[in-house]
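Notebook open, structure loaded. I wanted to look up the aromatic rings, then one of the helices.

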Amino acid sequence: MSSVLRPAISGEDQTAAGKYRPISSHLAIAPPVSVVIPAMNEAENLPYVFKTLPSWIHEVVLVDGNSTDNTIEVARELWPDVKVVKQHGKGKGDALITGFEACTGDIIVMVDADGSADGSEIVSYVSALVSGADFAKGSRFANGGGTSDMTPIRKLGNHVLCAAVNAKFGARYTDLCYGYNAFWRHCLDKIDLDCTGFEVETLMNIRVVKAGLKVQEIPSHEYLRIHGSSNLRAVRDGIRVLKVILKERSNRRALRRTPHAAQLNSGRGEVS
């Protein structure tokens, strides 16, 4: 992308000011940023989520997973221009895919609705993208990151699964199962998401590596869920993540066994 970080525009150049969106007293960006928030019965948590979102973002897309509380009403009160999208399927992966399709921004940021993510960190993700990265991946275990919401068994599981992905796909991740990420919209054409559950984050992380996209990890702190309980189940969802890793590894091996003629055809622009 040609967009770059530039000094914020002063009042003396109003023509240029219309092109760039100030994100701090020193920086401004040209690309519009969409924030996708999948939510189901998160009315109590949304005030904490929305108050940390920067005012300069282009749009907020709330994907409602058939909430039975007043999640939608609270969202509209907090952010009058919020774009509410109804989820017809089930699962976090399905919700995110639905939200991505509704985005109009060049940059898409994924934020959980439970209050565990600090929206003020979005500037770090966007800065990485406009500086050259394709995918800005949040990490709780990179230098400067942290978590207040992981049990020892989840930390161990995340570490083992992360090591497996690094070994099998040549990645260098410090965190795997974390949902705070940002990317250029064009990345969606290269990773072709097709899962419905919490394993969606792992699938994204694997496919951006397989697609040869430039990834930059962003130190991030995960806070405790403020209200309610998570739908995440360590053993059940850990098994689903493992299945994704094995499936993607198998697909990679099958691709390597593709006949030479088929590879030549692919090089001529045919879809494999």
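I counted ring pairs and got five aromatic pairs, where rings of Phe, Tyr and Trp (its six-membered ring) pair if their centres lie within 6.5 Å, with planes under 30 degrees apart called stacked, over 60 edge-to-face and the rest tilted. This is a predicted model, with local features needing pLDDT of at least 70 and side-chain atom pairs pLDDT 80 or more, while totals for chains, interfaces and linings use all residues. Residues are numbered from 1 along each chain as its sequence is written, and side-chain values use heavy atoms, leaving out hydrogens and water.

I looked at Phe100 and Phe183 next: the ring centres are 5.3 Å apart and the planes at 85°, so I logged the pair as edge-to-face. Phe100 is in helix α4 (residues 92-102) and Phe183 in strand β9 (residues 181-184), 83 residues apart; helices (H or I, at least four residues) and strands (E, at least two) are DSSP runs, numbered from the N terminus.

Then I checked Tyr125 and Tyr180, a stacked pair at 4.6 Å centre to centre with 25° between the planes. Tyr125 belongs to helix α5 (residues 122-130), Tyr180 to the loop between α6 (152-169) and β9, 55 residues away. I found both Tyr125 and Tyr180 buried.

Ring pairs also join Phe135 with Phe100 and Phe183 in a cluster.

Last, I turned to helix α8 (residues 200-210), which has nine of its eleven residues buried, among them Glu201 and Arg207. Just after α8, I noted a positive phi of about 75° at Gly212.

Key. Buried < 20%, exposed > 50% of the residue type's maximum accessible area, 1.4 Å probe, protein only.
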